[in-house]
Amino acid sequence: MLQPAWFEEKLAHSMDYAAYRSLMDRLVANGQTSGLVQTPALVQYTGLNLHRMQRIEKTTALDPGLAGQLAGLRRRYIWLTLTEAWCGDAAQSLPVIHAMAAAAHGQIDFRLIFRDEHPDLMDQFLTGGPGGTRSIPKLICLDPDRLGVLGSWGPRPAEAHALVQRLKAAQADHDEMVRQAQIWYAHDRSASIQAEFRALLQQWEAMPAT
């Protein structure tokens, strides 16, 4: 069982969304990205992601049912989310998750932490379970009073994940997978992630204190 003191240390190294966005701005201005690997391709993805996030921040509209659900939350949550600036899935999801947290009127503390700096945290939440992949973003839902894990989400909505898995099985190259995933996100307009979080919030609200 993961101990509260361990999560306290991770949370101390996390940042809120405003700080993350400011860091993204600085990285792009300096021709850099986050993480242990600095390549021209990852730097380019980071610049594209910044533009995507700016657009999504302006255009995201929460479903009225989800907005009402968030406004009426009975308990508080910490959403600790593993990410990197170069991750295209993160660029699509983080602004929507931020909008959800903002609609909760203080009941959700949305925190971000870099995957490559905290592999021990990432390895506790691999996609596919033990032996799985370090796919991001990965949101870990915590009870703020006891720092127990209530659940997780990520790295992408289920339909998008199925698409990526099909492309991998067909041995599509990385650029083609990115292109098709971004087309999917553009058509979906955050409907899938919002629907998935409506279901998750129902589960988390019904759970006993950890």
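Biologist: How do the residues of the lining of the largest pocket divide into nonpolar, polar and charged?

Modeller: The model is a predicted one. The largest pocket has a volume of about 470 Å³, and 20 residues line it. Its lining divides into 9 nonpolar, 5 polar and 6 charged residues.

Biologist: Which element gives the most to the lining of the largest pocket?

Modeller: Two or more lining residues come from each of helix 3 (40-59), helix 5 (88-103), helix 7 (158-169) and helix 8 (174-188). With 5 residues, the element that gives the most to this lining is helix 8.

Biologist: Which residues lie nearest the centre of the second largest pocket?

Modeller: The second largest pocket holds about 320 Å³ of space. Helix 3, helix 5, helix 8 and helix 9 (191-206) each give two or more residues to its lining, and helix 8 gives the most, with 4. Of the 17 residues that line this pocket, those nearest its centre are Ile56, Thr59, Tyr185, Arg189 and Ser190.

Biologist: How far apart are the end C-alpha atoms of helix 2?

Modeller: Helix 2 covers residues 17-29, which is 13 residues. At 1.5 Å a residue, helix 2 should span 18 Å. The model agrees with that value, because the end C-alpha atoms of helix 2 are apart by 18 Å.

Biologist: Within what arc do the buried residues of helix 2 fall, seen down its axis?

Modeller: The buried residues of helix 2 are Tyr17, Tyr20, Arg21, Leu23, Met24 and Leu27. They line one face of the helix, because down the axis of helix 2 they fall within an arc of 160°.

Biologist: Which residues are exposed on the other side of helix 2?

Modeller: The buried residues of helix 2 pack against helix 3, strand 1 (77-83), helix 5 and strand 2 (108-114). On the other side of helix 2, the exposed residues are Ala18 and Ala29.

Biologist: Does arginine 21 count as buried or exposed?

Modeller: Arginine 21 is placed in helix 2. A residue is buried when its relative accessible area is under 20%. Arginine 21 has 12% relative accessibility, so it counts as buried.

Biologist: What is the distance in space between arginine 21 and methionine 53?

Modeller: Neighbours within four places in sequence aside, arginine 21 is in contact with Leu50, Met53, Gln54 and Glu57. Arginine 21 and methionine 53 are 32 residues apart in sequence. In space, from C-alpha to C-alpha, arginine 21 and methionine 53 are apart by 8.9 Å.

Methods:
Residues numbered from 1 in each chain as written. Predicted model: local features only at pLDDT ≥ 70, side-chain atom pairs only at ≥ 80, totals over all residues. Heavy atoms only, no water. 1 Å grid on protein atoms, 1.4 Å probe; cavity = no way out; pocket = protein on both sides within 12 Å on 5 of 7 lines; lining within 4 Å. Points joined across faces, edges and corners; volume = space filled by probe spheres on them. Nonpolar A, V, L, I, M, F, W, Y, C, P; charged D, E, K, R; others polar. Expected span 1.5 Å × (residues − 1). Buried < 20%, exposed > 50% of the residue type's maximum accessible area, 1.4 Å probe, protein only. Arc of directions from axis to C-beta. Contact = heavy atoms within 4.5 Å.
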